[in-house]
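Open the structure in your viewer and keep the selection tool at hand. The stops below say what to select next and what is to be found there.

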Amino acid sequence: MANAITELSERVRALRDEFARAVAEVRAAGDLQALHDRFLGRRSGELNALLKSLGRLPDEGRRAAGQELNALKDEITRRLDAARAALEARGLLERLARERVDITHSPMFQQVEGLVVGRGIHLGHLKGTIEAFLHGLFGAERAVRFRPSYFPYTEPSVEADLTCAVCGGKGCRVCKQTGWVEILGSGMVHPAVFEAVNARLGRPVYDPEEVTGFAFGLGIERVTMMRHGVDDIRLFYGNDLRFLEQFRG
Ligand SMILES: [Zn+2]
């Protein structure tokens, strides 16, 4: 019977090693839950299976084996908690990194949006309107290009780029050396949007078979940066009067 106790001790040791390997590979909260279920789960957890086998052990040694199992259970619980805390800390750091303000990105910005709906509206209207709008705003010498993109409410979706006003297309830190700056997002209104509007209004106002439309949106700060050669978006929120007073009407 001493063999049964030795055997259990060996299984505890193997389980501890197995857990240590598995916990080192945890990358997401889902992995942690899977580990918890695998080792500590009430029904199919490996530790529970060992605890149940305690009853088959002789009296002498059962107590020590039980303590060994409980110690392992505590250790696994503690290490799972530590891994969860580490994951949360990493998530927070990643979120902060994403929200960091740099010279062309800010978590806060102002957006202007345009929407045209009618019969026979097509992608040519979108391209013509946006090109005329951007040329009116920035001058006809600035080239406009359209790139396929994805937005949830439009299909197809396109993004419009303009040659960089700061460097004139040669490449600088604002355009990340590409010569182009993304200026707006746009696309043909998705038919499901018209259906959603009808559902909201409770009557068929826009027949998706009959009407189409295009929509676009652009950030005011980015437009101002390009029009006036401002090379840092943070200046708009810095409340520095020397900067702000330049734009008095
Ligand atoms: Zn540039």
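Begin by selecting residues 220–228, which form helix α7; this helix lies across β1, β3, β4 and β5, and it runs at about 65° to β5. Helices (H or I, at least four residues) and strands (E, at least two) are DSSP runs, numbered from the N terminus, while axes are lines fitted to C-alpha atoms, for helices over the stretch in contact, with angles running from 0 to 180 degrees between N-to-C directions. Two residues count as in contact if their C-beta atoms, placed from the backbone, lie within 7 Å.

This is a predicted model, in which local features need pLDDT of at least 70 and side-chain atom pairs count only at pLDDT 80 or more, whereas totals for chains, interfaces and linings use all residues. Residues are numbered from 1 along each chain as its sequence is written.

Next, select the strands: 5 of them form an open sheet in the order β1-β5-β4-β3-β2, with antiparallel pairing, where two strands pair if DSSP finds at least two bridges between them. At the edges are β1 (111–119) and β2 (144–151), each of which pairs on one side only. From one strand to the next, the twist averages 25°.

Then select residues 123–138, helix α5, which packs on the sheet and touches β1, β2, β3, β4 (180–189) and β5 (211–219), its direction making about 145° with that of β4.

Move on to β3 (residues 154–163), which pairs with β2 in the antiparallel sense over 7 bridges; in this strand, Glu159 has Arg147 standing opposite.

Finally, show the whole protein chain, whose C-alpha trace spans about 90 × 55 × 30 Å along its principal axes.
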